[in-house]
Amino acid sequence: MVEHPDAAAPQSPLSPAPPPAPAPAPSPSPPSPPPAAELSASPAHPSAAQRARAAAIVAALPLPERIRLVSGASFWTTHEVPGQVPSVMLTDGPHGLRKQAGNRDHVGLSAAVPATCFPPAVTLGCTWDVDLLEAVGAALGREAAAEDVAVLLGPGLNLKRHPRGGRCFEYLAEDPVLSGLLAAALVRGIQSQGVAACVKHYAANNQETNRMVVDAVIDERTLYELYLRGFELAVQRGAPAALMTAYNLVNGQYAGESARLMREVLRDAWGYDGLVVSDWGAVDDRVAGLAVGLDLEMPGGSGAFDAEVAAAVADGRLPEEALDAAAVRVASMALHWSEVRAAQHEPDADHAAHHALARRAAAAGCVLLQNDGVLPLAAGASVALIGAFADEPRYQGAGSSQVTPTRVDALRPALAGELGQSLRYAAGYDPLTGASTPALMAQAAAAARASEVAIVLVGLPSRLESEGFDRAGLRLPPDHEHLLEVVLDANPRTVVVLVGGGVVELPWADRPAAVLAAWLGGQAGGSALADVLLGVVEPGGRLAESIPVDGTALPASRNFPGEPRQVQYRERHLVGYRFHDTAAVPARFPFGHGLGYTAWQVDDVRLTGAGTDLTVHARVTNVGARPGSQVVQVYVGRAGASAVARPAKELRGFAKVHLDAGASTEVTIELDRRSFTVWDVATKEWVVEAGRYELLVGTSSTQLHGRLPVVLESDDVVAPEPPVAD
Ligand code: BGC
């Protein structure tokens, strides 16, 4: 492998990243982790008694039986110890249960038992709603519990490093605080039902290209501050009982074999004591994984590594205690689940209630990007509904997260039910390929011309995005862009609805009367969209990722997806709004942005507290005529000089409020020491640089309502970063 294959590539002045230099791995000083007892408090964690029983059982097992326990028995199940430890099931996934009958594939090709397909993470992320995600998590957990699933493989919370990433639809945000806090909410919900959530994919699984072999080369600060921070928050605020390692390597080692990631960071610094599971087929060197705490290899059934593990124990390369610790974690989880299952009072899931919740979540994740007042639709308006996605919705992504839904709501019948004869429909394109024809274009134009308002659904057909590959670019399919022009020429009162699991470039954005990002809405996405268009509910979302003007201008574009075996994160922190704000290259629609159907006033922004323990207060008033929701976002920026390169500002907290027309409330957002720290590569500690900061309080990353100066005293020393070498 060439170490820095593109060292001579032109650098923009705003991405002056030194070649990432993965440091050797001295022990970091862990920031005081929360006590283990606190982490093990959820109903999904094995109790002390269950752990003790598991330890006693494991201690009495011969070596081959202990080795058997630490890899699966089949695609989805663990081994039993007859009469002592039951076999249990782990299965996908992040926005709905995907339980396949028998020992089936893991790429979503064969059907699974019907389950509620909630909106995927791309949509849930845009809700910025911790309470809602906890409720969705509880429903996911309930469905898993009802199907006897011990571990649900989700949520996914890798950072959206580049919008072309193939699994962006499965990830929550471009920001680690938003991802981490929302993932923690999902985890708490799932685990309230006794089912273990499994946060994934630890760490830096930010692309699909060569995902099994690619080495993500990330400088230490960026790794800690961006790519690990979401997992840290999810672990500390959600206490997941399980965690999945990524396929890829990080700085030269497979993620699941890295002593730094697995032991020093996860177990020692964060105090994580749950089960660690490999991604399906991610194990490269089983002995190395066991040595650093990769407990369970999945899928199982082959026993491929058993002899190697036995030999490593025999010759002392693998301490027997490491194997036993892994076996005890697997057995504890299984014993715990068997007791939860036996005690279940409510064996069934309420699919009707879950469908209603999925509908609420889909509307809450819709982001209204612009609106000249055409939305919500005026009563009695004649409407042209254009786009085959209205009839055959794209509502989830493909791959391992693909759910067999209990039902699917399409937009067309939902709108027809309300609008009756005043609704005209034109397909515009083929829903599978996205391709159009002159005849389909002509029908679309005629429908648009004959109606007061046109609603046109465009986006990404399923063949353009899926787990397993990255998107080739950020534009809509050419026929969809052409269709937009045709419809806009026919009727400027056009509402563009964007469908798909990732952001697209919107070069035509100044033309439509409204643009609504509906993402992938889950099985109730169609009725949720009708609710939003008709104004039954407002679109409650805020962007969890920036929509760039030009994706090729993103600094990560120069190294995405990288070389076959190595991708260098040379853009360092300059991902998403951190890039747009620092480089003063505005996004087309900024992170945190989203309109509703009412109007807001945010004032009386002030600060209480001392040092780094601060509370931001803001008065939020719904000054419009309809109920609605607003998200107050707090960013921290360094105001004075810094020893290290920093983004202009970084999200450190947020609060979502729901208010009736005319109502007012005070929101409070707590900050703490970590809101101000940087990772110091010299001392391996989180440190606070003394001096001036600014707290920026906004309703998006660019719509700011208050700037609060803060001066911090600190004795911490931040090692200056080496000068940038081009
Ligand atoms: C995916 C995981 C998934 C697993 C099991 C893997 O290919 O990366 O996210 O949970 O398969 O289906």
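**A walk through the predicted model**

A556 lies in the loop between α17 (525-534) and β15 (566-568). Helices (H or I, at least four residues) and strands (E, at least two) are DSSP runs, numbered from the N terminus. This is a predicted model, in which local features need pLDDT of at least 70 and side-chain atom pairs count only at pLDDT 80 or more, while totals for chains, interfaces and linings use all residues. Residues are numbered from 1 along each chain as its sequence is written, and side-chain values use heavy atoms, with hydrogens and water left out.

Stay with A556 for a moment. Is A556 buried or exposed? A556 counts as buried because its relative accessibility is 2%. Buried means under 20% relative accessible area, exposed over 50%, and partly exposed in between (1.4 Å probe, protein chains only). Setting aside neighbours within four places in sequence, A556 is in contact with R161, H162 and E571. Contact means heavy atoms within 4.5 Å. P539 is 17 residues from A556 along the chain, and their C-alpha atoms are separated by 31 Å.

Now turn to strand β17 (residues 613-622). Eight of its 10 residues are buried. Strand β16 (residues 600-610) pairs with β17 in the antiparallel sense, over nine bridges. Two strands pair if DSSP finds at least two bridges between them. W600 has N622 in β17 as its bridge partner. β16 and β17 form a hairpin with two residues between them. In the turn, G611 has a positive phi of about 60°. β17 also runs antiparallel to strand β20 (residues 664-670), joined by seven bridges. There, V620 has T665 in β20 as its bridge partner.

A separate sheet comes next. This open sheet has five strands in the order β1-β2-β3-β5-β8, with parallel pairing. Its edge strands are β1 (90-91) and β8 (275-278), and each pairs on one side only. β1 runs parallel to strand β2 (residues 151-152), joined by two bridges. T91 has L152 in β2 as its bridge partner.

Last, a pair of helices. Helix α5 (residues 130-146) packs against helix α13 (residues 351-365) at an angle of about 145°, with the axes 10 Å apart. Axes are lines fitted to C-alpha atoms, for helices over the stretch in contact, and angles run from 0 to 180 degrees between N-to-C directions. From α5, the residues L132, A135, V136, A139, R142 and E143 meet H351, H354, L357, R360, A361 and A364 in α13.
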